[in-house]
Amino acid sequence: LKPMQDAMLDVLEKAPTHCMFILTTTYPQKLSKALRDRCVGFEVLPLTDDEMYDVLVGVLDKEQADVPDDILDKIIGVAQGCSRKALELLDKVIDLDVKDMKSVSMQLDDEETIAKDLFDALISKKDWKTIAKIIKTITVEPSSLMTYSFEPSGLNTKCRGPSPSGS
């Protein structure tokens, strides 16, 4: 990652003054300090459920596809305003029959449960044996669990990105 960022830094420094670059990331904290110092950050707020529904229905119209509303509602609930996450989930189901869509929907429920169980075990400093048992239940790409964040009130799925305070 560092060699790519160094190369991008070189491009930014040598670009003519009339050139502007738009860099997007859901993980700004992974950018080098040198690269971040040359950027202006803008936080993009999550979409509302209605906006998310409109985005998904727009894609379905363009793709001439149909996904039942209960599956769209599940996608919207899991994505929590993150359009990228919603579009990734829609892509997983758009070409499936309804039965298989329901199966994917159930898998999303399982991901949430596993992520919450793992979080709870880590926060409460459970022993390694307990944590390992939870980890062994993961049947999806482990990186898919990274999109879950937790608050004392329970599980919330959010886009990754800077907090409103910029930290």
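Q: Lysine 2 and aspartate 6 are separated by about how many helical turns?
A: Helices here are DSSP runs of H or I with at least four residues, numbered from the N terminus. Lysine 2 and aspartate 6 both belong to helix 1 and are four residues apart, so the separation is about one helical turn.

Q: What kind of contact do the side chains of lysine 2 and aspartate 6 make, and at what distance?
A: This is a predicted model, in which local features need pLDDT of at least 70 and side-chain atom pairs count only at pLDDT 80 or more, while totals for chains, interfaces and linings use all residues. Residues are numbered from 1 along each chain as its sequence is written, and side-chain values use heavy atoms, with hydrogens and water left out. A salt bridge requires a side-chain nitrogen of Lys or Arg within 4 Å of a carboxyl oxygen of Asp or Glu. Lysine 2 and aspartate 6 meet in a salt bridge, N to O, at 3.2 Å.

Q: Which class of accessibility does aspartate 6 fall in?
A: Buried means under 20% relative accessible area, exposed over 50%, and partly exposed in between (1.4 Å probe, protein chains only). Lysine 2 has 58% and is therefore exposed. Aspartate 6 has a relative accessible area of 35%, so the class is partly exposed.

Q: In which helix do lysine 33 and aspartate 37 both lie?
A: Their side chains form a salt bridge with an N to O distance of 3.0 Å. Lysine 33 is exposed at 53% relative accessible area. Lysine 33 and aspartate 37 are four residues apart, about one turn, and both lie in helix 2.

Q: How many residues apart in sequence are the parts tied together by aspartate 70 and lysine 102?
A: The side chains of aspartate 70 and lysine 102 meet in a salt bridge at 2.3 Å, N to O. Aspartate 70 lies in helix 4 (residues 69-79) and lysine 102 in helix 6 (residues 98-123), so the pair ties together parts whose separation in sequence is 32 residues.

Q: How many salt bridges are there by this rule?
A: Among them is the pair of aspartate 70 and lysine 102, where aspartate 70 is partly exposed at 40% relative accessibility and lysine 102 is partly exposed at 34%. By the rule, the count of salt bridges is six.

Q: Where do the buried residues of helix 7 fall?
A: In helix 7 (residues 128-136), the residues Ile131, Ala132 and Ile134 are buried. Seen down the helix axis, the buried residues fall within an arc of 160 degrees, so they line one face of helix 7.

Q: Which residues are exposed on the other side of helix 7?
A: The N-terminal end of helix 7 is capped by aspartate 127, with a side-chain oxygen 3.2 Å from the backbone nitrogen of lysine 129. On the other side of helix 7, the exposed residues are Lys129, Lys133 and Lys136.

Q: How many disulfides are counted?
A: A disulfide is a pair of cysteine sulfur atoms within 2.5 Å. Cysteine 19 is partly exposed at 34% relative accessibility, and cysteine 39 is partly exposed at 32%. The count of disulfides is zero.

Q: What is the distance in space between glycine 81 and leucine 45?
A: Glycine 81 lies in the loop between helix 4 and helix 5 (83-93), and at 6% relative accessibility glycine 81 counts as buried. Glycine 81 and leucine 45 are 36 residues apart in sequence, and their C-alpha to C-alpha distance is 8.0 Å.

Methods:
Helices (H or I, at least four residues) and strands (E, at least two) are DSSP runs, numbered from the N terminus. The arc is that of the directions from the helix axis to the C-beta atoms. A polar contact is a pair of N or O atoms within 3.5 Å; within protein, one must be able to donate a hydrogen and the other to accept it, and residues adjacent in sequence count only if both atoms are side-chain atoms.
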